[in-house]
Each structure stands twice: as C-alpha cells, then as structure tokens.
Amino acid sequence: MEYADDVDRRELLLHSAYDAQTVRDMERPLLDKGIPLMRMAAQAVAHTAAGMLDDEDLALEDSAIVLLAGAGDNGGDGLFAAAALAQEGAAVTTVAVGKSLHEAGFAEFVRAGGKVLVLDPAAEIPGCASGFSAGEAGERLQAAVALINKSHLVIDAMTGIGIQGALRGIPAALAAAVGLDGEVPNEPALPGRESSRDYPLVLAVDTPSGVGVDDGSLPGPYLPANVTVTFGAMKPCAVLPPATFGCGRIQLVDFGFTIDDVEPQVEVVDHLFASDAIRLPHVEDSKYARGVVGLVTGSQRYSGAAVLTARAAARANTGMIRYLGPERAQSMVLAALPEAVLGKGHVQSWVVGSGIPTADAEGADSDLQRETIATLLKHYSVKTSDTEDSAADAESDAAYDMPALVVDAGALDLLPDRVPGQVVITPHAGEMAALLNRLEHGSLPEELESSASDDTASKAKNSANPDAAHALYTAKDIMLHPLAAAQRAHELTGATVLLKGAVTIVVDEDHVYVSGSAPAWLATAGAGDVLAGLLGALLAQQPDGITTAETVAAAAYLHGAAAAIASESEQHGWQEPELIGEREHRQQFLTIGHPIVASDVIRAIPDAIADVIA
C-alpha cells in the first residue's frame, strides 16, 4: 500500500486501537480469501528482529536467539519468523511452553536447523521428549531461564490476543522469572521508547505475553518488550497504561483491514484531534464571547495554586478570568495576572478544588473555599432516586444547564453522588482510590478486587470496621487497572473522568481517549493546577459539535505538548507506532530535554496551541 496517497487511513491506523474480537472480525475476510497473514506477520517479525540485532552491531550468525512459543497462531507467527532467522545463520532455540506447536511452523523451523526445548511433560510434539518427571520439568524450566538470560534476543510468542486474565502455568512461571510480576517497568524515560536494559532484547509478537490485551492492565506476570510488532491494527494494550509501557517501541503491520466504519475501543489524541477543540477568534468577538472562566482555587495555605490555574487559563485562548478566593490569594493572582477580575459574575466554565484542602486536612471545616465549592456543587447534583419530588426534579434538570465544571484535587471529596456529563473530575491514582473508596462503600469492581492481596482482603473482611474494605483501593490498584477505575468512576458519578498519568485516560459514556504527549519532566509540583486551568479555558470556549470528553482529551494533549516544548524533550508518554513498510528511517539520538517547573509549561501553552492549529 502507498501510504502517502492515503494519509487519513494512516492516521486512523496509528491513533486507533480495537478490541481483540473486532480485530478477529476484521481479519476473517482476508483469511477467507487465502491471504497469507501468518507469513506476512512472520516476515515482519524476522525483519524487525534482524534490525534490532543490527542496531547492537550484532550479525545474525553471531547471535543467540530464543523463541518462546505457545501452541496457537501466535506461536506459529514466531516459528516461521524463527525459521527465517535460522536460515540466515542465527542460532535459534524454541522453548515450547505448551502441549503442542503450530504444525507447519514447527516443521519449517526444524528444517531450518532450529533446536527445541519442551517444558510441559504432557506435550505431544513430534520428535521431542515428553512424559518426563516433575523434577526434570523443574530442571528444564531452570534451563530455559538460563538460556533466555544468556541470549541476545528473545522473541515472545507465548500468547496471542485471545488470552483473558493473568498468565497461568509455564508461561506465568517463565514471565515471573525473566520479566515482571504486576508492576510497571521502572527505568529512565528515554526518547523513542529506547530501553536502557541490557541483553536479552525482547521482541513481542503482536502483544507482550501477560498484559491485559483489551484493558491495558497488568494482571500478573508478564514479559516487557523492547519492541512489539503488532498485526493489522493496534490493540488497546498498545495505547492504554500501564500495558503500553511494557510494549516498548511499537511497529504496526498493515494487513489492509477495512477500518473506515469500525468503531475503535480507544482513540489516541493527536494534533488534528486537539485542533478541533480550539475555537479560533472571530472578527466581532468580545472578551465575553471568547469564554469566561471562573476559578475557585487556591487557599490560605496553598495560594500558589490560584496563581497557576489563573495564569494557565489566561494563556489558553480564553477571554477573561474571574477569581474567587481568600485575600492573600487574590493579591497573588492580581500580581501575577493583572488582567484577572475578582468576584462573581457570568462564566462559561468553572474550575474548583486546585490548592483546596481535603476534608481530612487540618482546618478544612472552616475553609471558606470549601464552603463556596460545596454550595456551587449543589447546583450540579442530579436526582438519583425514583421518588416523586417535583422540586428535586426541577433542580436535577437545572443541573444539565449549568456551565461546564472542572473538579480537581481538594474538591473531589465534595462531589455529589450523581452529576451531569459536563462535570469533569481530574484525579491522579491516589485521589481516584480515595474517590472510589467513598463511592463504593467497600464494594470493589472485579478487575480491581483481583489485584488486591489476599492478606489485605482477609484483614478487611474480618475487621469490625465496616469501612475497612475501603483499604483495598490503593494507588497501586489504580495504576495497574486505570481503565477499569476510570470507567467505574464514570459509571458511579456520571462525570467525564480524566485520570492523570504519563498516559492520561479520558472516559465518558461512549468513548475512551488517551493522551500521551507529555514528557516525564512534567511530573512536577503544580502541573495538575496548570492542567485544571487549561481545562477550564477550553471548556469555556467549547465549539459546537465537540463533546466534553473530546475537549478534555484535547486539553490533556495540549498540556503535554506545552511541557514538551518547555522541556525541549522528544520523549513522550506514548510514542506513535512505526508503520512497517514506510520508507522512513527511525530517528536516532533524540533529545532527552531538561527539567521544568509548572510555570514553564504555562509560558509554552500559546506555542502548543499555535502548533496544533497551524
């Protein structure tokens, strides 16, 4: 396919992810036509493997390669690729992790001179020993681990997109021994998703074994990859945190799927997406027509948050800022932003909570900002009961006519039980855990319950405190299952949910968006306050036809893009895949960048907006 002639298709491929069943449905017509998808996949894997070794100045004939092969088609992809590498002179050993191997792929691999190590005593693989004792099985597993650790490259083809939940049996044991067990890779954030790890390099076939293919979770042991070659279309694990961090660099093989009318499960925000949420100034605009943002942010103790939210909103294409807060914060806001207006008045959006103490903080009961926010939030409360109450019904209906509202940080514990979708909540992992604890009253969604330790669960269930089960929600739970947490928060509250992270997730009733434009340098004090102000500004000027979630996702993208500009970094939380077959050379020696503070991000917001509308 000549991609230059089909720019729209290319952008759709590189910024959309489809669940496993949808991918199978798109694949079926091609298989029915006899198109050799497995051969195409294997060729791409072999080509990528050779390129990875060449990048390390290793010739194939000097390379030791281990293929971890399961029994299904994913294992077949790996076997055909391994056969091609063996034919070029590489020393390749296949570690069979199941009871069988893909018949044709195995036959070709053996003809190419490859070696096989069988780990399952119940395996029925022609010409290979089976029925060995449990003791020998353990020794074989140890031998496989040693073989992997001494190799230059591991090709991971243990599981495909059909697996549900955590790895089990031999694949789980191998992944636990040479990979990670339910934890996010912790290594320096380098441009291009380059890895600082030593040998062996790991190449994942379609998806890394052990990650949650459809939800991006890390349910147990998995094998993080340096490079993932994925086929036909991206799966959610390639774009959703935390699994995306285990994919390394992503290379996509375009099989020619018909994708125009297929709804992706996850959409990745890019420049074009973000540009739709920017309202260009009109010839006859006034400051009021360009959007007025109301801020109830900052407090006596955290006055800086008021300044950061105000400055960020002012830099984000809005017409006017109204600030409500204590005298000290007012003085600081006016000193930093003399254009701001103090006091109440008409607004198109509200931002509340940044720099506000939470309910358990000392002095929170007497904090005037919390009182103001609580009063405002009552207007956004939506009726949840079926009882007949005309006054309550009228108030509930009126909530849908209120301006957009961003609820951040200290105001999250003031959120009503149910709110309309123009209310946006912006928790990080710890705040999301606290919010779900409050909303769930100790009841966990299944995805999160499985991640809690048995010991913690036992303590909670046996405690005399009925709220003890809340302890099951931790920041780690949210970090390992962020999509499930964000969707649950939306289900319970009705709010549009923005879950902060290196890759930010935005969820509403029908869509999931992710933004990974930010460099790791953005993890700095006050960055969340800047995002809140930016969100308020874009919501105040929201163009017709653009949903709240789309606007929120665009704001997250601009926030990250501004941080990239400020830090001069080409490292991003999510890296756009490379499309195999394009006549482009992968960029090398990209710029890592330098440290920044939140104020640097604010100064770069106009440049980020200019970039996306150019």
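Me: Are helices H9 and H18 parallel, perpendicular or oblique to each other?
Reply: The model is predicted; local features need pLDDT of at least 70, side-chain atom pairs count only at pLDDT 80 or more, and totals for chains, interfaces and linings use all residues. Residues are numbered from 1 along each chain as its sequence is written, and side-chain values use heavy atoms, without hydrogens and water. H9 (residues 304-314) and H18 (residues 527-540) pack at about 40 degrees with axes 7 Å apart, where axes are lines fitted to C-alpha atoms, for helices over the stretch in contact, and angles run from 0 to 180 degrees between N-to-C directions. Angles under 35 degrees count as roughly parallel, over 145 as roughly antiparallel, 65 to 115 as roughly perpendicular and the rest as oblique, so H9 and H18 are oblique.

Me: Which residues of H18 does H9 meet?
Reply: Helices (H or I, at least four residues) and strands (E, at least two) are DSSP runs numbered from the N terminus, and contact means heavy atoms within 4.5 Å. From H9, the contact takes in Ala305, Leu308, Thr309, Ala312 and Ala313. Their partners in H18 are Asp529, Val530, Ala532, Gly533, Leu534 and Ala537.

Me: How many residues of each class does the contact of H9 with H18 have?
Reply: Ala, Val, Leu, Ile, Met, Phe, Trp, Tyr, Cys and Pro count as nonpolar, Asp, Glu, Lys and Arg as charged, and the others, Gly among them, as polar. On that basis the contact of H9 with H18 has 8 nonpolar, 2 polar and 1 charged residues.

Me: Is Gly533 buried or exposed?
Reply: Gly533 is in helix H18 and touches Thr309, Ala312 and Ala313, not counting residues up to four places away in sequence. Buried means under 20% relative accessible area, exposed over 50%, and partly exposed in between (1.4 Å probe, protein chains only). Gly533 has 0% relative accessibility and therefore counts as buried.

Me: What does Asp408 touch, not counting residues up to four places away in sequence?
Reply: Asp408 is in the loop between strand S16 (404-407) and strand S17 (423-425). Its relative accessible area is 2%, so Asp408 is buried. With that exclusion, Asp408 touches Val352, Gly353, Ser354, Thr426, Lys500, Gly528, Asp529 and Ala532.

Me: How is H18 oriented relative to H20?
Reply: The axes of H18 and H20 are 8 Å apart, and the angle is about 25 degrees. H18 is therefore roughly parallel to H20.

Me: How many nonpolar residues are in the contact of H18 with H20?
Reply: Ala527, Val530 and Leu534 in H18 meet Ala598, Val601, Ile602 and Ile605 in H20. The contact has no polar and no charged residues, and the nonpolar ones number 7.

Me: How is H19 oriented relative to H20?
Reply: The axes of H19 (residues 548-567) and H20 (residues 598-613) come within 7 Å and cross at roughly 110 degrees. H19 is therefore roughly perpendicular to H20.
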